[in-house]
Amino acid sequence: MQNLLELTAPTLAKFFEHIGEKPASVKMRAKQTLKWLHQSQVGDFSEMTDIAKTTRETLARHAEIRDLNAIKDSTASDGTRKWLFDVGTSAVDAVFIPEDDRGTLCISSQAGCALDCAFCSTGKQGFNRNLSTAEIIGQLRYANRALKADQGIVGRTPDGVQPITNVVMMGMGEPLANVDAVIPALELMLDDNAYGLSRRRVTVSTSGMVPQIDELSQRCPVALAVSLHAPNDALRDVLVPINKRYPIKELLAACNRYLAHAPRDFITFEYVMLDGVNDQPEHADQLIKIARQVPSKLNLIPFNPFPNSEFNKSPRERILAFQRRLSDAGIVTTIRKTRGDAIDAACGQLAGQIKDRTRRTIAIKPARASIDATSAQATNRSE
Ligand code: SAH
Ligand code: SF4
């Protein structure tokens, strides 16, 4: 059975051809189907009323609409909402962050992550598996439907106003380690017959996989955020181990190449503030030199602690002083507001604790010993 959520406009058209639709009408069918799936968010072929009944019956024989299954849905007092989705061998999160002028959905690209950054809770769990395109776009489809239902909207949103205006791939996993599933999902986010988001409002965040940054620039350029976190190779080798393969100089060159194709004229550098590790004046000075090599903005992220993490959050005054030093040198520097940490929805806090509970109630098997160990620790902690 083909899960239709896996398909983009061209692959849907091919699928219609495959199930016997006339070549002259496959593009039209693909367009209609995308609208039903991603704008009206229907869950059943019978609801696709502008498609002939016989075609719908053929579809039902060959295809399905397999949605994600949310096993937890929590809302923090600041309105941040987090869903935990069961993906069989593991569970992944998506987080909705409402603001006055936008609604941002932060989505996951992998269950776990193999890159093992020292300060990241996802990295500490180890890698479970890549998500499929259907599982990635499924997070957006699910959240869209849930948020519209809250507002009493069924089907398409009147006047095209969408609850989700921005998507950031900053949930669990390294999106550029899963480009073949991530790129079709990005294409659906951008497709006017699906979510119709502008390239500037879709952000991929990467820890710095240089060849895949180039690949993204060719296949589907969207806004790019790069997790820098250290202003020199010696420190970055420790904090972001992929740096040993793609050191800062190569990463900065890739950022400049990307900008020739990017929808925005700057790269966002993310920099997590770790107490006594990367938050000293000399780090700010090194960072100024780096930021001057690439048109960029800097986003300082207060470290979000998680159980057994070896780091502490930099004190507020130090973060402000760090920001001031950079701003005084002409580098546009913002401090990320921490949202949703009461529900473990803040950057780097995703999953972990919840997985064990999940496993007890619906018997999700962790695929790797390291994930099992994390879950076991979390069980001890939560009891
Ligand atoms: N793998 C990608 C995207 C997911 S992480 C990447 O690394 O860019 C999204 C952002 O959260 C990254 O900048 C990441 O470094 C940051 N992050 C990870 N753990 C964190 C923590 N404990 N506190 C604050 N930010 C964290
Ligand atoms: Fe993976 Fe990103 Fe976490 Fe590093 S920060 S371990 S790349 S999810």
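**Figure 1. Shell of ligand 2 in the predicted model.** The residues around ligand 2 comprise four nonpolar, three polar and two charged ones (nonpolar: Ala, Val, Leu, Ile, Met, Phe, Trp, Tyr, Cys and Pro; charged: Asp, Glu, Lys and Arg; polar: the others, Gly among them). Cys-113, Leu-115, Asp-116, Cys-117, Cys-120, Gly-123, Gly-173, Glu-174 and Ser-207 surround the ligand, a residue being near if one of its heavy atoms lies within 4 Å. This is a predicted model, in which local features need pLDDT of at least 70 and side-chain atom pairs count only at pLDDT 80 or more, whereas totals for chains, interfaces and linings use all residues. Residues are numbered from 1 along each chain as its sequence is written, chains are lettered from A and ligands numbered from 1 in the order in which they are written, and side-chain values use heavy atoms, with hydrogens and water left out.

**Figure 2. Ser-227 in strand S11.** Ser-227 belongs to strand S11 (residues 223-227); strands (E, at least two residues) and helices (H or I, at least four) are DSSP runs, numbered from the N terminus. Ser-227 counts as buried because its relative accessibility is 12% (buried: under 20% relative accessible area, exposed: over 50%, partly exposed: in between; 1.4 Å probe, protein chains only). Leaving aside residues up to four places away in sequence, Ser-227 touches Ser-205, Thr-206, Ser-207, Arg-236 and Glu-270, contact meaning heavy atoms within 4.5 Å.

**Figure 3. Buried residues of helix H10.** In helix H10 (residues 281-291), His-283, Ala-284, Leu-287, Ile-288, Ile-290 and Ala-291 are buried. They lie on the same side of H10, because they cover an arc of only 160° around the axis, taken from the directions from the helix axis to the C-beta atoms. Their packing partners are helix H8 (233-239), helix H9 (248-259), strand S12 (267-273), strand S13 (296-302) and helix H11 (316-328).
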